[in-house]
Each structure stands twice: as C-alpha cells, then as structure tokens.
Amino acid sequence: MAPRCWNWLCSFPLRRVGVFLLWILLQAGSVFPQTQPRERLPAWTNQWVRMFMVSHRRSARLPEFEDAYGAVFRDLNGDHRPDLYVVCFRNLNRLFIQRPDHNIFLDWTIQSGLGGNLMSRGEQNLELGASSVDMDGDGRPDMLITGWGETTRLFRQERDHHFRDVTRRAGLKPPLDANAGAWADVDLDGDLDLFLTDEHYHNHFYLNNGIGHFSDQTEAYGLADSMVSQSAGFADLNNDGFPELYVCNWFHRDLLFLNLQGEGFRPAVPKIKHLTENLNSNGVAFGDVDNDGRADLLVTDRNGNTQLYLNRTDSASMVLAFEPAAGWPSDQATFPTYGAAIADFNNDGLQDIFLANIGPNQLFLNAGSASFHLVYQQTLPPHRRARHYSTGLATADLDRDGDLDLFVANKDTNSILYINPLEQFHPGHFVQFSLEGVRSNRDGIGTRIWLYTATLDGLPEHFLGYREVVSTSGYLSQSEPLAHFGVNRTGPLYARIVFPSGRQIIKRELYPGFRYHFKEYGGLRGALFAGLHALKRNAAQTIFWINLLLFLLLMGIITVFTALAIRRYRWKNQRLAGFLIAQVGLFYLILWVFPDLQLWQWLSIQLVLVFTGTVILAFFMEKIQRLEAQRSAYRDALLQFSNQLIFIKDNPALHQALVNTIQQTMGVQFVLLLEKQADRLVPAAAAGSTPPLPDTLPVPPKSASQKTQLCQWLQNSGLAQLAEAIRPGACLPLSRAEKTFGVLVVGPLQNNRPLPAEDEHLLQILANQAAIAIENNRFIEETKQLIQKVTEAETRIKYVKQLEEKNQHLRKLYRDLQETQEQLVQSEKMASLGLLVAGVAHEVNNPVSYIYANLKELKTYLKAVIDMLDRLKEQLPRIGTRRDLDRWLKDLEEEYDLPFIRHDLPALIEESIRGTQRVRELVQNLRNFSRLDEAEVKEVDLHEGLESALALLSHELKHGITVHRQYGKLPPVRCHAGQINQVFMNILLNAVQALGGRGNIWITTRNLSGQVEVEIRDDGPGIPRAIQKRIFDPFFTTKPVGKGTGLGLSISYRIIQQHGGSIQVQSEEGRGTSFVIRLPLVGTSPEAGGQPWFGAEASEEAAKLEGNQVKNNPGREGKTDS
C-alpha cells in the first residue's frame, strides 16, 4: 500500500514538488536533534552549528573532487599556514598549498611529486592514508603514503616544495600492504620512529637512526602480530613520558601495547569492550575529554559500536585502566564509523567529537563531565545515503582566527572543508601552542601541555585542560601538530610544557587570544645543544664512523696530492682551483647519477674515482716533471755552449762541436750541418744516424723558408728520405743580415716524437749565435789571408782597399751588436720599471685624488659666487639706502657662508698646486731615470740619478727599509745618463729583494783623485763566497730554473766597463753586500769603450727573458740575479 501511494504522489510534477518539501520538513529535525537536554550549551550554538556545518558550501577554497580516503592537514611549505594533502583511493592524490594573499589553495600536486600511483579498478594496489613529520630534523616536513603493494612510499621534502622518493634508501622494504602509519619517539632518542599497520602481512615497527634511515625492529619490540590491522596511534596513556600504542583490527580484538621504557612493548588488556571482543575497529583518537589530565580513548568501528573510554590509570601503579564514558550517547553513534576527531570546536574549554561515518556524519559537543550532546547530523537525500562514505578527517586552524576548521574526506562524494565561523560568536577565547623540538623531534610530537589559570603571583590555580601533540587523527589521517585550548576566561594563564626528552618549560603570564611558539632550547645554547645532540646520535651509529673514515681517507688523498702538486709540480692557483672544483663536481655528479645510494656508497665511489684519478694524474705529472728536468738540463748545457762558441776560432771544429752538443744534449736521432759553399750546400758535420745524402745539395729557394715548404722542396728534388727525416725534426738556417752560412738539420727525438716548439725556439737562438761566430771566424780568416797577401808583396793599394772594406764591415757588425746591447739595457730598465709601476701608480693616485676632491669643492664655491652675483644684479636696483644694502649683503653672507669660502678657497688652491707639483716631481723622476731624451754622452749629476732610482723604488722602500745617504761633493761626470741610472736601479733593486722588506741600505759617494766612487751597501743575508766570482757572468743566477736569466749584474758590469770604470763586490754571509762603482772624470769615453759582449739577437732574447723575470719573480732573500 505505501509504495503505491508514494508512486501516485510522484506521478505529477506538482505532486513531486510537494513531496520534496514535505520530506525537507520531516528531515529538519535531524539537523539539530532535540532528544538530549541542551541547557548547558550556549544560546548561540544552533546558529553557529548551522553556519559551521550547513553553510560550508559557500567557501570556494577547494575544488570539488571525490575518491578521497586519508588526509594530512598541516603546514608543509614553511609559511606557517596549514596546507592540505589528500590521498585518493585510485585517482591522482592532491596537494593544496594555501595562498595567504587570496585565502585559497593552489594545486601543487604535479610540481611536488606527490601524485601517487594511478591504479585502474580491479587492481590490488590501493592508496589509503598519509602522515607527515620531519623525520630527519632538517626543518622540512616529509610525507609517508600508505597503501597496498608499491603504493607505500616515503618521501623526503627537498627545496622548492619538491618531494623525493627515499623508500628503499630509508630501509622500508616490501612486502608492505600498509593501511596506516603512526609516528612517535618510542625510545626518546630524539628521532621519530614508525609503526605501519598491514592488511595482509604482519605489522612493521621501524626505529629511526636520526639520518633518515630506519631499521626493522618489529620482532625485537614484540609487535610482530599478523592480523588485519587498520589504523593505529601513539599516546602517553600513563604519563610516564613514553608513548603507548593502540592498534585497531578487523576480525580480531584490538591491541594495546604498554611501552617498556623504550626497550620494547608489552600487551596490556584493560577490561574494555574493544580490547576483549572483535568489533572490526577502524580508528582511534586521543584526547582529555573530562579535563582530568589524562588522555582518553575514542575507538571507531565498522559495526556501529563507536565508544568513548575514560582513562582511569592510577598514577602510582601505572597500570592502564579505562572505563566507558557514561555520558557518551551510544544509542546515537550507531553508524559504521571510520574517522573521528577529538577537538574543542566551540572553544568552551571542553573537547568535542566529530564522527566520519558511512552515512550521515555527526558532531557531538561536550557539555561537561564527558557528557556529549548530538548537535549535528548530516542530512542526506535518500538516493545518497547508500553511497555516502566518509573516511579520514583532520583539523587545523586554517585561517589563524583561533578556532579549528575541519576537513572530511569522502570516498564516493565530494570531500568537504568546513570553515569554523566561531570568531563571529565567541572570539578570542582560545590559546594555542606550536612547539619545536631541539633535543626532541623537530615537530614536538609527544609533547604534553597542562594549562591552568594563574594567580596574581603567576602560580597555577585551576586546572583547565591537558593536550598531547600526536601524529595521527582518527582514521589514516593527521591533523595540524598544534595544542589548541578553548578558554572561557580572560585572566592570565599558566602552562607546564614537557617535551619528550623530559625538558620542562614553565610559562607564566599567558593570555587568551594568542598563539604561542615555544622552542625546547633557545639561542646559542639551543643551537649548540642541537649540534652536540645530533653528533652524539650519529656517533652511536656504526655507519657514522664508516662515513667519517671514508671522508678522512678522501680528504687525505686530496690533501696529499694537493701538497705534492704545490711543492713538486709547482701548480699555481688556477690549476689548484680547477682540481678542487673538479672534486666537488665529481661528488655532485655521483649524487645525480646514483640518487638512491647511501652516503657511504657515495663516498666509496668518489674515493675509488679520486684515488684512481690522482694516481693516473701523478703518473703523468711525474713523467712531465722528468721531461722538464731533462729539458732544463740540456737548455743549461746549450746556454753554456753558446757562451763558448766565440772562443772556437776554427769553423770546422765549431761545426762538429755544434752538432755533437745538440745531438748528445737533446737526445735526437741525428744532427746535420750543411755549409753553404758558393751556390751549393755541402755536408760539413754530422752526429747520430744521419740519412744518406749526396755530396752536394742545391740551395733551397727563399720561398722555402718554412719547414713544410722546405720538406716539399726536398721531396720534389728527389730527396724524399731526407724530407721525411726533417718533417718531425727541425731545419734552421745559419744566417746573419740576409747572408746564409748554412743549414742546421735536427732529426726527431729518439722515441720518434717531434721536437717541442720551445726546443725549436731555443735551437733558433743557438743557430743565430753560431752564425755570428761563423761570420767572425770567416772575417778573421779573411783578415789573415789579407795580411798574408800583404807580406807577399801584393800591391798596397789593393791591400788598403780590401782592408778598408773589411774594417767597414766590422764596424757595421760592431754597431749592430752595440745597438742590440743598448736595447738590452733599455729592456732591463723597462723591466725594472714594470716592477715599480704599482708603487708609482699609488704615489700618483694620492695627489690626483685630493686635487679632484678640491676641484669639486671649488666648483661648489664658484656656483655659490655666481649665484650670489646674479642675485646681487637682480636686487641692486631695488635697494634704497645704504642700510638696506648692508643688511641685504649680510643676509647673503650668512646664506652662502662667505667667510668660510674666503677662508677655504686659498687653501684649496694651495693644496691643488702642491698636488700637481707632486705629480710633476714623479713624472720628472721617471724622465730622469729613463733619460730617453738624453741618449748622447753628457755631463751628469750622479746624485740626481741615485735620487731618481730611489724615488721610483719609494713604494718598495717605505714599508721597512731605511736608506742612509752619505753623499760627498761630486763634480759632473761625462757618461750615458740612462745607462748609469740602469746600473743604480739594478743594484738597488737587488738590495731591496735581498732584504725581503726590512733592513738598511747605505749609499756613499766620494770624489777620489781623477775618479768618482759610488758605494751601495746593505745588511742583507749576503752572497756565498763560492759564487761571488761568478755573479757578473752572463746568464748566471742562483734562482730556480725558469725564474731568472742572470743578465742584471752582467749588463751593469758591461755598462761600467764601457764607461772606463770598474765595479767590485764585497760580501760576507749574514752581514750584507757592498757594490763599489768607480767612474773616471776624464779618460775613456763610452763611445770608445769595451766591445759588446754578445750578438744582437742574443741580446734581445736575453733582455726579454730578464725583463719577464723581473716583472714576474721578485728576488728572494739571500739570492742575487747576477
């Protein structure tokens, strides 16, 4: 009958509307049930509940989505605003980051890497729950996703809110069909440990070692139970500081484990229904609902027997005891329930309960003494009741208005975010605590807070409530780790906070309406304690010492090789920096290639690579070192031989000595010298395994000046074998002033490798010197022949003519060599000046700086004067009397501060003039030193030259070297001023370098009979007696190979010798060195002085070498660059 009536009523549209309105009226009573007395609830409760529970759809903060199961509601990106992560049963998980500027959420799922595994229907791999804690103490919350099969994953948060999968690296190994994950510091070591409930295998318990790695301790801690476990939670139920564990099971009674002081767990069986009967429990929530300072239990189950148990544990015996709450309306909580939240939603100081059901969800308000009233039951249309399936839920103060907001995950319908409007009814009646552990875990999970009213003296008075920060919220979810108290008072409050480490903090003068953040240890003490605690935890791990040993071995290898590279291989900063950067780059490359390895594996890989690389690099560096030592040896031998060339007067002997020296010194296969005779080349000398040659060779054309062109010409001339032998070697002409004396052919090295470019350059210098020696010998031989012809009575006219031609040629050769020597002297001078550029620049910069500053100030004064004159011109016609003029002028004088300008203007000009004079003196000193405009011989004041050199050296002298001038009265001396200044500069610079920045220099001048004497003496380390006789030899130096060519004192010696003077040295080790220069007042002119001491090409090359040495390598103490 009833179905037929219902069908009749719905047969017409109008009747359908009436039926729908009738159904709404019948269901209106279910929104606010009136079956319980509500006299203890505030009058505004009905309106608040309606706005909270019914009007939630007005909020557009979240998009609509279904298939939700578990949720995490907490700050994930460090902006102190709660974010929301939702696990979907089969669809894409969702991460919503709250945007504080718009009060809405931004979908950050894809960027974060937390999308999860997408599974089609029918697959067994499901994603169920999530929890988020800072597992490694780096300040960024990490994420655990639980599910079946491959879906259980642990993610470590990195920068930019990106999460990286570290499941296997962290030690969580399959098989894992996890439903829920609960975190707590079980052993109070400061690290959060993990308990996983498993649907198909035994549950898992993992101990955290503090560095992001977990070890499975399920068996050791007595938690290896195989049953269909759903959710679990940790809380300190007996107030001993150690968290207990509650496990919800299907097809089996629930399990409660007592923590044995961090050493393990023991089952406890208080006489409550869910621990003695199989009720298919889903979730557990903790909270002090009766404000007695102990955590109570709320257990939800699928059978509709959700029950609240009050904690009655005796504080003395610590024996866990619970009893059902008499004020819990069991007759109304009859729906299958998954999630539950215990929280003070209306800020009345009593914790309320929200149930997430299969069917309508329900809100129960606490009216005191653990007596609960059902104030909201979700209204569902008949066609949606069967498919309404709420699972997880979580709370957080989303908008930071002091009340708790609520998120409910719905599986088959859209999930709901409830925004609590309590600030419109009951504002400011709250106090919140966010906690940060230092010795304890960073999230403060396990921290307990007791809140009291405070007396005027700041002492606790009336107990208001107890909260513990836990990591789980009902079913497979997690709320914000926040201790929230509703407070119905306005006076001061007193709080006792106990962290898991046992650290207790007492806070007085707290007031309602505020959110407080407390750190376990603050300031420097907190930072030091955190560092020591982390070190202590890590030192207890074997892997820490393994990592430390590997790191020290790695650093040892790098340090040893770096020291070897600096001392033996003489690496500069650029090479060292490149080597160290390569090591850092190698480490990051290993991290990128092997992201899932542990630290000891990374270090082992880098240790092997670095050790192998340094061994290989050292092998090649040793080889290069030996080659450089060999090249340095034969370069010294070649330089020594070049000094002896001039003494070999016979060209055939010179040819043979030349090829023998090159072949033996450089280790080449052969050396061949072809002498030019008329228009042919004749083999004159050979050494080594020379290729077969004809008796004579044609002279190559001038177009074949390069080696490749010469080889091509030889091949075209039928000398292919010689061409192939020359190609890896060198072919150098023996020429002078476009006159060729022969060709020097050098074969490849003994290992068939070609000659290095620098060796070819050195051989070219030697060939140029050999050409000069050959030309000199030819001139000597020709002179002998002319003399012989004269003695044989040849005609005097012919003899004189030929002799004159030869003499002219010799004069030309002498002038060429003399010009080369002058260029060498000038190069030496410029090299010395190059060393002093920094000091001169510094001396010039000082006066220029304050001249610039004075001119800027002068410009300001000039602008003021011009402005004053313009105003005077404008105002003068308007001034009537003398008194008005005087008053107006006085105003102008005060406005522009004319007395100060009149006083300061002459001083500015005088300072600028002194500055320009200082710059002019510096320029004059440079000009006096170089004497480029006084290249001819003239009478010179030697004191002026000494002062010019000292002025240029002033920047080197002023830091610790004292110059003592003991000048006598000297007449002008006729000489080359620039050359004599160069001698002074060389000797003074050697003295400065020998003193090493601190000491004394004495300069004494005397007028002796017919000559002047200049003595330059220092108190440096002196010159060893064994080498004093060699300091004036060309190319002699005590500096390391490549650090000096030894031309400074040799050039100085030749300059003084050409002026007809003398230079002597007296030195005693440890007491200093004295150079005595004597120049004649009349006598030998520099134009007719001694002969140049080497050829032009060699002079230029030596000058370049010495100039570079002076610029780049300052002299060392106790060494002389002679």
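Colleague: What covers the buried residues of helix H3?

Modeller: The cover includes strands S22 (352-357), S23 (362-366), S24 (372-377), S26 (405-410) and S27 (416-418). Contact here means heavy atoms within 4.5 Å, and helices (H or I, at least four residues) and strands (E, at least two) are DSSP runs numbered from the N terminus. Mind you, this is a predicted model: local features need pLDDT of at least 70, side-chain atom pairs count only at pLDDT 80 or more, and totals for chains, interfaces and linings use all residues. Residues are numbered from 1 along each chain as its sequence is written, and side-chain values use heavy atoms, leaving out hydrogens and water.

Colleague: Why say that the buried residues of H3 line one face of the helix?

Modeller: The buried residues of H3 (45-54) are Thr-45, Trp-48, Val-49, Phe-52 and Met-53. Down the axis they fall within an arc of 105°, so they line one face; the arc is that of the directions from the helix axis to the C-beta atoms.

Colleague: Why does Asp-225 count as partly exposed?

Modeller: Its relative accessibility is 22%. Buried means under 20% relative accessible area, exposed over 50%, and partly exposed in between (1.4 Å probe, protein chains only), so Asp-225 counts as partly exposed.

Colleague: Where does Asp-225 lie, and what is Asp-225 in contact with, leaving aside neighbours within four places in sequence?

Modeller: Asp-225 lies in the loop between strand S12 (214-216) and strand S13 (228-235). With those neighbours left aside, its contacts are His-202, Asn-203, Leu-255 and Phe-257.
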